[in-house]
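Take a look at the sequence and the structure first, then read on.

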Amino acid sequence: MGKRKMFSGHLGFILATAGSAVGLGNLWRFPTLATKYGGGSFVLLYIIFVATIGFSLVLTEAAIGRKFHCNVVDAYRKINRKFTFLGYIAVLVAFLILSYYCVIGGWILKFITVYFSGNELLAAGDGFFDGFISKATWPVLFQALFVLFNMFVVMLGVQNGVERLNKVLMPALIILSIIVSIFALSMDGALEGLKYYLVPDFSKLSFRAVLAALGQMFFSLSLGMGVTITYGSYVRKDIDLEKATKKIELFDTGIALLAGFMVIPAIFAVFSSSSESLENALQAGSTLVFITLPKVFIKMPFSGWIGGTFFLLIFFAALTSSIALMETVISTWKEKLHLKRKSCTILVGLIAFLAGIPASLGYGIWDSVSIFGMNILDFTDFCTNQLLMPLGAVMTCILVSYIWGTWHLTDEIKKSSAFHREKWYLILIKYITPVAVVITLISSILNTFGMIQL
Ligand code: PHE
């Protein structure tokens, strides 16, 4: 391995990790789950998970990365040879997510073309999105285009291209999100939505919602798949990891909350005419952002431009995340298969594209395929977020706490600064995080196989 590049400092690490964390998970998945699982109570639960379990896991991954300075498979091997498989699971998860992430990335590209070609009315029309994703060829072509963008940037080099772009695009995303939120909140009937989003109603809090909130936390913080270990390996020894972790979490959660402000009040405003259509819209799942937002944009001045810019920003947020996923896969495959970066990028891009096609077809010609009641994309999403990532996280907690020794990590964290929440961290990583994750993992498996009804 040649000399490893380093982030220039605190900000470089935070921006890169935030770039990987902020993506479709924040802008598309979070509002979707929050509406589906009862609004305020889900949001509160999510924030609690981020501040506790999320905090302990992000910090652990970043510290492992900085301690060993190497790719994720080798990092686990250096901790304990018998746990090398955890590194391979991480890479597998990254690959699986990459495959379906590119399908959704393709949908976003389609919407960009629709808006910038002046067809915003079309996008707001009933059935437009479903009509598009159920086709066999076009979604796959847009998916291919998204994969090509990824390959292009990864070949160019992540640090110069994407990182600089991130510095401009992330603030732009925040500003635009605030503008859209203000507009959405000023619509008639929006305040009901705001109430639904922010006021917890614990009668709506099912165990399913707990599972979803935990899975979302893993996904959104890019946990359990080696991305933070990889980025942590580029961090200088004088950076305060505890502070950096808090900032990354704040950034990620802030953007997710903002996405909710854009989408949820707008749903209430647009669909409140009948309680049935409102209920349907709240349960719409993955299609929320693609169906509801176009109906909101159409009521705004310059709707084509606003809608187009909005989807363009989602595209960039998604791109910085999928690049992190692709990088994680490539950095391992490259070394294991002895390939050059370029040929490895082509190989990974091609296989990820092929692996994603069934997920795309699952919305159209293969929509009869149902695995435990889920379509192919949802099933892959379920396997990664609710099974493999938590599994990897629990094993990491056990490995660190009971086999290797937490002092390795607390020493690493204390190299740069005082560790204010050390006691809290130790309680989390030894007891709370593994127990909470194991309970949800087991229930999620039992539920999927029909042994319990959540
Ligand atoms: N965190 C990203 C999101 O919220 C998804 C992601 C997961 C990116 C894992 C990289 C690694 O969209």
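## Ground rules

Two residues are in contact when heavy atoms of theirs lie within 4.5 Å. With that in hand, Thr328 touches Val72, Ala94, Met225, Gly226, Val227 and Thr230, leaving out residues up to four places away in sequence.

Before going further, know that this is a predicted model, in which local features need pLDDT of at least 70 and side-chain atom pairs count only at pLDDT 80 or more, while totals for chains, interfaces and linings use all residues. Residues are numbered from 1 along each chain as its sequence is written, and side-chain values use heavy atoms, with hydrogens and water left out.

## Around the ligand

So what surrounds the ligand? There are 14 residues in its shell, and the closest are Ala21, Gly25, Tyr101, Phe219 and Met225; to be near, a residue needs a heavy atom within 4 Å of the ligand. Sorted by class, the shell has 7 nonpolar, 7 polar and no charged residues. Here Ala, Val, Leu, Ile, Met, Phe, Trp, Tyr, Cys and Pro count as nonpolar, Asp, Glu, Lys and Arg as charged, and the others, Gly among them, as polar. Helices H1 (10–21), H2 (24–36), H11 (207–220) and H16 (303–336) each supply at least two residues of this shell, and H2 gives the most, with 3 residues. The helix labels are DSSP runs (H or I, at least four residues), numbered from the N terminus.

Which atoms come up to the ligand's own nitrogen and oxygen atoms? An N or O atom in the side chain of Tyr101 is 2.7 Å from an oxygen atom of the ligand. A nitrogen atom of the ligand has a backbone N or O atom of Phe219 at 2.8 Å, and a polar side-chain atom of Ser222 lies 3.0 Å from a ligand nitrogen. The protein covers 100% of the 320 Å² of accessible area that the ligand has on its own. That area comes from the Shrake-Rupley method with a 1.4 Å probe.

## Two residues with positive phi

Ser222 has another feature: a positive phi of about 55 degrees, although it is not a glycine. Most residues other than glycine have a negative phi. Ser222 sits in the loop between H11 and helix H12 (227–232), and it is buried, with a relative accessible area of 6%. Buried means under 20% relative accessible area, exposed means over 50%, and partly exposed is in between (1.4 Å probe, protein chains only).

His338 also has a positive phi, near 50 degrees. Its place is the loop between H16 and helix H17 (341–361). Is His338 buried or exposed? At 72% relative accessibility, His338 counts as exposed.

## Threonines in helices

Back to Thr328, which lies in helix H16 and is buried at 1% relative accessibility. The side chain of Thr320 reaches the backbone oxygen of Ala317 at 2.9 Å.

Thr396 is found in helix H18 (residues 376–404), and it is buried too, with a relative accessible area of 6%. Which side chain does the side chain of Thr396 make a polar contact with? That partner is Tyr76, at 2.9 Å. A polar contact is a pair of N or O atoms within 3.5 Å; within protein, one must be able to donate a hydrogen and the other to accept it, and residues adjacent in sequence count only if both atoms are side-chain atoms. Leaving out residues up to four places away in sequence, Thr396 touches Thr60, Ile64, Tyr76 and Leu86.

## The nonpolar cores

A nonpolar core is a set of buried Ala, Val, Leu, Ile, Met, Phe, Trp, Tyr and Cys residues joined through side-chain atoms within 4.5 Å. The largest one has 149 residues, and Ile97, Trp107, Met217, Phe218, Phe290 and Phe311 touch the most other members. Helix H5 (residues 84–116) provides the largest share of this core, 21 residues. A second, separate core of 6 residues includes Met187, Ala190, Ala269 and Val296.

Phe311 is in contact with Ile108, Phe111, Ile112, Tyr115, Val289, Phe290 and Phe297, leaving aside neighbours within four places in sequence. Helix H15 (residues 288–297) has 9 of its 10 residues buried, so it is largely enclosed by the rest of the structure. Among the buried residues of H15 are Val289, Phe290, Val296 and Phe297.
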